[in-house]
Amino acid sequence: MSIKTTTWTAFAIAAMLTSPVRTQAQEEGDNISREIFIYCPDDRAGLHAAYLDFEGNWQEIGQLCASDYGQWGAEKRMYHPNMVRASDGTWRAVWQLNDHTPCFAAAYSPDLITWRPQDYPRMTTKNCLRPIVFEGDDGTFDIFYASGDEKRYVNASKDFRTFTEDTPSTISDLAWGGDTVLIGGKRHGGQIFDVTQGELISLLAHHEILRRDGDMSAERMGDDTERYKDLKKATATLTVRPGEKKAISDKLIGIFFEDISYAADGGLYAELIQNRDFEYSSRDRKEWSATTAWQSSQPIQIETSDPLSANNPHYAVLESEPISNEGWDGIIDSDPGQCFAFSFFVRNIDCAKKKWLVQLVKNGEVLAQSKLTTQGAGWKKYETVLDTRLPKQRAKITGQDCVLRLVPLKKGKVAVDMVSLFPQETFHGRKNGLRKDLAQVIADLQPKFVRFPGGCMSHGQGLDNIYHWNHTVGPLEERKPDFNIWNYHQTRGLGFYEYFQFCEDIGAEPLPVLAAGVPCQNSAADKDGYGGQQGGIPMADMPAYCEEILNMIEWANGDPATSRWAKMRADAGHPAPFGLKYVGIGNEDIISTVFEERYGMICKAIKEKYPDIIVCGTVGPFHNPSADYIEGWDYAKKHRDIIDMVDEHYYESTGWFINHQDYYDDYDRTAPKVYLGEYAASTSAKRSNVETALSEAIHLCNVERNGDVVAMTSYAPLLAKDKHHNWNPDLIYFSNTEVRTTPSYETQRLFSVYSGDRYVTSQVTADEWIGHRIVASMVEDSKTGRRYLKVVNALPVELTLHLDGLSLPQGTSYEGFSGQPGDQQVTCGKGTTPEGDLTLPPYTLRVYDLGN
Ligand code: AHR
């Protein structure tokens, strides 16, 4: 070879990057052997590769894959990776995860570029140390590992998906070999393999593409002063072909509701008492107990015998000492000047009758009070109203420090549970309803669907925390509270009935998402030390789990005269079916073998019984080219008979959204549809601002253009309560008294309010360096004939947009916002156009209502 490798390789890579077919360099490279070294630089760095250059130095290539086992923080580690190249050229890897887990990691790659999601086969031993893998003569794989003083053996199938039970082994220590090389001055242990020059080029080219993609995704509007310092004004042409239209989804904008950051309990769910059922515990949060949020001058006695419900076993025993509840950062009405509905359950223990004062108290002053008498045997519900409508009280009730005080007036022990205080006015006047102001801001988005109850909350923190819809319906005292994966408590007061009712109230389709028989892959270890998906719901229990999901559909849509589930719905106050059309199965799960077995079973069960239900599957937590995305899509395409749509998730930088405008352009139009169920753009500020909102608007223009393949989208997360953020950015921030929308909210609202079901072909032409910052989309609503043109100017200068194929009469109305990239608040304004070209101020989103 006369040319130096680095130059030669760079040339070959450049050719590959620009050519869709195998290059001559690759073809020729098939006959040249090269060495690569596979290693793990440290336990959190994942599997890396380096190659030996022609000067005899090892050069880093990049990360091949990372460990996906268990909790973020404590786990996701890789120790002692070991690989084998199978006789067909494909690769198998195993590694140790920690020193206390009954599994190791098993990974498969056809080419070291794409990786199938990892499996963590369960072993009988408590730990699985330093696993090694060899290919057997029959094409299966022999895996050995150490556990204490013992060595164990496991056989893995050719496809590396089925693993036998481990047995003792007498394999020699010499089997644990390895190589050491120097990379960048540091010595690493690993393994050297021979590959062809062509394979090495492909690997290098792949990493070069990733690097370039990373560079593009780093573009920030915050750097525009430098990037566009020579740009004084921008001009572009929008060419519209009004006759060229295609049908697109009429449900593109919906919402994703999850009880994260106190979105439900303490948030949208209007209950004002915190820990009303005395069910808080250290499972919710280390320092919590059954008396959290309650105060008394004496220790509060908590009992569990003869409870109100087995699902709600704890209650307080009171005698003469008052107790107070602090609510959620104080008891406070977001809509001052109304009455509060109080209720509680009481069982007299050693007295026939008891008198009570129920008070709303601020700094010792009673603002409202009501008297009650409880009497008789057994648990009974008592209700009263606290009236705070007197002007004197109204003024005082705006602070953060109101508490609810229960004052038992006579001696004698009583059991108290389910202490509740609601504003009498809730959204749409629903009992057990939603906070009016917050629900209204959501309703103003005019979402076409609501996904609930999560997110990670759907699949839960470990098998025991999977969200079971049937634990969330029926009388409140019978519902089964649980800890919330986001480190607080779920009362389930906002349960499936309330979610469906909210959907009906705002005219949105319900989209319940239920776990695919596995908990969150980031779950902590169970009592046996098995973390992540914990092996999934045992297969023997899966038929019952499938039945539970079918019962949900029956509950929502069935006939109360023939179905006991539908009768529950009718008994709760909704005899008419809810008309459920969509069911989501799985939430950004790792698409492991354990997952696929259960997922397929559930989707099949739904389709067999309810062929008209649209089943939405999942393709992991990241976009292309992540392992879960590739495997999830592959699975969905092979199982089109049971999967109609898949849920994609990606939280990305603004630069990623700006530079991936063709993301959906090449999607297979015959494949299952896309539900972009979770996405948001972010900058280092981790708050929605004009930059994120415009990047999302750019993405939504591209989604509209691909509205024949993307059926639904929902920004995530929706809500976050001040001082309780689990996640940032969010669409709407709130406190007890305030609701603050964000620039991203305005983007969602504008795309939702001005939506259509036909896409009209249009194209922006501009100089290359500014073209990706000027984006437009035109849609038509076939029912009304109205057409809407959305234009994003994500440049720091005014944009003049010439129109070709479209003329806007003077006075055409528009709505939109402008600002500086870092602005976290915008005001959406309305206006009308002058005659001629469109002009848009810097950093602007506008929607023009073109009428019909
Ligand atoms: O939207 C917040 C979280 O992000 C969701 O619970 C989860 O699905 C994703 O990781």
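Let's start with a salt bridge: the side chains of Asp 571 and Lys 567 meet in one at 3.0 Å, N to O. The term here stands for a side-chain nitrogen of Lys or Arg within 4 Å of a carboxyl oxygen of Asp or Glu. Both residues sit in helix H10 (residues 564–571), and because they are four residues apart, about one helical turn separates them. Helices (H or I, at least four residues) and strands (E, at least two) are DSSP runs, numbered from the N terminus. Asp 571 is exposed, with a relative accessible area of 58%, while Lys 567 is partly exposed at 41%. For these labels, buried is under 20% relative accessible area, exposed is over 50%, and partly exposed is in between (1.4 Å probe, protein chains only).

A word on what you're looking at: this is a predicted model, in which local features need pLDDT of at least 70, side-chain atom pairs count only at pLDDT 80 or more, and totals for chains, interfaces and linings use all residues. Residues are numbered from 1 along each chain as its sequence is written, and side-chain values use heavy atoms, with hydrogens and water left out.

Now move along to helix H12 (residues 627–638), where Lys 638 and Asp 634 are four residues apart, or about one helical turn. Their side chains form a salt bridge of 3.0 Å, N to O. Lys 638 is exposed, with a relative accessible area of 60%, and Asp 634 is partly exposed at 35%.

Take Arg 283 and Asp 482, whose side chains meet at 3.5 Å, N to O. Arg 283 lies in the loop between strand S14 (253–256) and strand S15 (294–295), and Asp 482 is in strand S26 (residues 482–484), so this pair ties together parts that are 199 residues apart in sequence. Asp 482 counts as buried, at 12% relative accessibility. Elsewhere, salt bridges link Glu 219, Asp 224, Arg 227 and Arg 773 in a network.

Next, have a look at Lys 76, found in the loop between strand S3 (58–65) and strand S4 (79–85). This lysine is buried, with a relative accessible area of 9%. What does the Lys 76 side chain join in polar contacts? One partner is the side chain of Asp 68, at 3.2 Å, and another is that of Asn 522, at 2.6 Å. A polar contact is a pair of N or O atoms within 3.5 Å; within protein, one must be able to donate a hydrogen and the other to accept it, and residues adjacent in sequence count only if both atoms are side-chain atoms. Leaving out residues up to four places away in sequence, Lys 76 touches several others, including Asp 43, Arg 44, Tyr 69 and Gln 521. Contact here means heavy atoms within 4.5 Å.

Finally, the ligand. It is surrounded by 13 residues, the closest being Glu 258, Cys 456, Glu 588, Tyr 651 and Glu 678; a residue is near if one of its heavy atoms lies within 4 Å. By class, that shell has eight nonpolar, two polar and three charged residues. Taken alone the ligand exposes 280 Å², and the protein buries 95% of that; accessible areas come from the Shrake-Rupley method with a 1.4 Å probe.

Definitions and conventions: Ala, Val, Leu, Ile, Met, Phe, Trp, Tyr, Cys and Pro count as nonpolar, Asp, Glu, Lys and Arg as charged, and the others, Gly among them, as polar.
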